[in-house]
Amino acid sequence: MTTTAISEAPARARGGSAVLPALAGIGGLLAFAGTVVVFDDPLAGATTAAEAAEAMAGAPVGLAAVLLAGYALLAIAVTGRLAAHLAAHLSGSGDPASVRLMPVLGAGHVLLLTAAFAAPAAAVTVGDLVLEGGVTPGGAETALVLMNLAHPMSAWVGIAFLVAVAVAGRRSRGLAAFSIVFAVGLALPPVGWAFTYLMPLWFAGVGIWLWRRA
């Protein structure tokens with residue numbers, strides 16, 4: 001009786017924790033979708049720094065930054081679980097260096113994207129709470145510069161991350177092919193920006209893949 005009770009407890013624990021990557025991936029996808037809906041590109045019609053400052057002041061950029069930060073945390077959680085899975089199960093045919101690089105590159109990718117969305121929120125915070133004069137044209141211009149730097153850098157780091165995943169997990173053809181498709185998409189200038197916004201689908205898909213593998 002005692003032996004049976006001890007052997008069943010770990011099985012329930014494994015079953016409960018196995019679904020966490022899927023929940024993290026889907027939760028990250030929902031958080032990113034909420035970010036896109038809330039942000040709604042308020043700077044699209046701005047042609048001057050003054051117009052950009054006015055658009056930032058009236059947009060919910062703070063909420064967008066919070067939602068994207070939630071996506072970043074959940075995506076990093078999926079990346080960490082994937083690295084642990086590959087290190088434990090695919091180390092015989094995978095590349096240990098790629099496995100070690102995955103968490104760093106994955107975190108760098110999502111954090112750079114978060115920085116691109118957080119730049120307008122930072123400009124609003126500084127203008128309203130620090131300077132108490134509202135968003136200035138100079139602050140808006142600085143935020144736009146940071147956005148245009150962080151966004152492509154996020155794509156470049158994302159390419160390196162996906163290549164590391166494909167190399168480390170080449171034993172799984174599905175995971176490797178899924179990652180290479182997204183890496184090629186990020187590398188192509190005409191569609192690279194779109195694949196940056198599709199990356200939450202990759203994290204959600206990998207989270208579900210980890211759940212099914214468990």
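Biologist: Is F161 buried or exposed?
Modeller: F161 is buried, because its relative accessible area is 0%. Buried means under 20% relative accessible area, exposed over 50%, and partly exposed in between, with a 1.4 Å probe and protein chains only.
Biologist: What kind of model is this, and how are residues numbered?
Modeller: This is a predicted model, where local features need pLDDT of at least 70 and side-chain atom pairs count only at pLDDT 80 or more, while totals for chains, interfaces and linings use all residues. Residues are numbered from 1 along each chain as its sequence is written, and side-chain values use heavy atoms, with hydrogens and water left out.
Biologist: How many aromatic pairs are there?
Modeller: The count comes to 10 aromatic pairs. Rings of Phe, Tyr and Trp (its six-membered ring) pair if their centres lie within 6.5 Å; planes under 30 degrees apart count as stacked, over 60 as edge-to-face and the rest as tilted.
Biologist: Why is the pair F161 and W202 edge-to-face?
Modeller: The planes of F161 and W202 stand at 75 degrees, so the pair is edge-to-face, and the ring centres are 5.3 Å apart.
Biologist: And W202, buried or exposed?
Modeller: W202 counts as buried, at 0% relative accessibility.
Biologist: Now F178 and F182: which helix holds them?
Modeller: Both lie in helix α7 (residues 173–187), 4 residues apart, about one turn of the helix. Helices are DSSP runs (H or I, at least four residues), numbered from the N terminus.
Biologist: Which residues form the aromatic cluster?
Modeller: One cluster is formed by F32, Y71, F117, F161, Y197, W202 and F203.

Notes
Helices (H or I, at least four residues) and strands (E, at least two) are DSSP runs, numbered from the N terminus.
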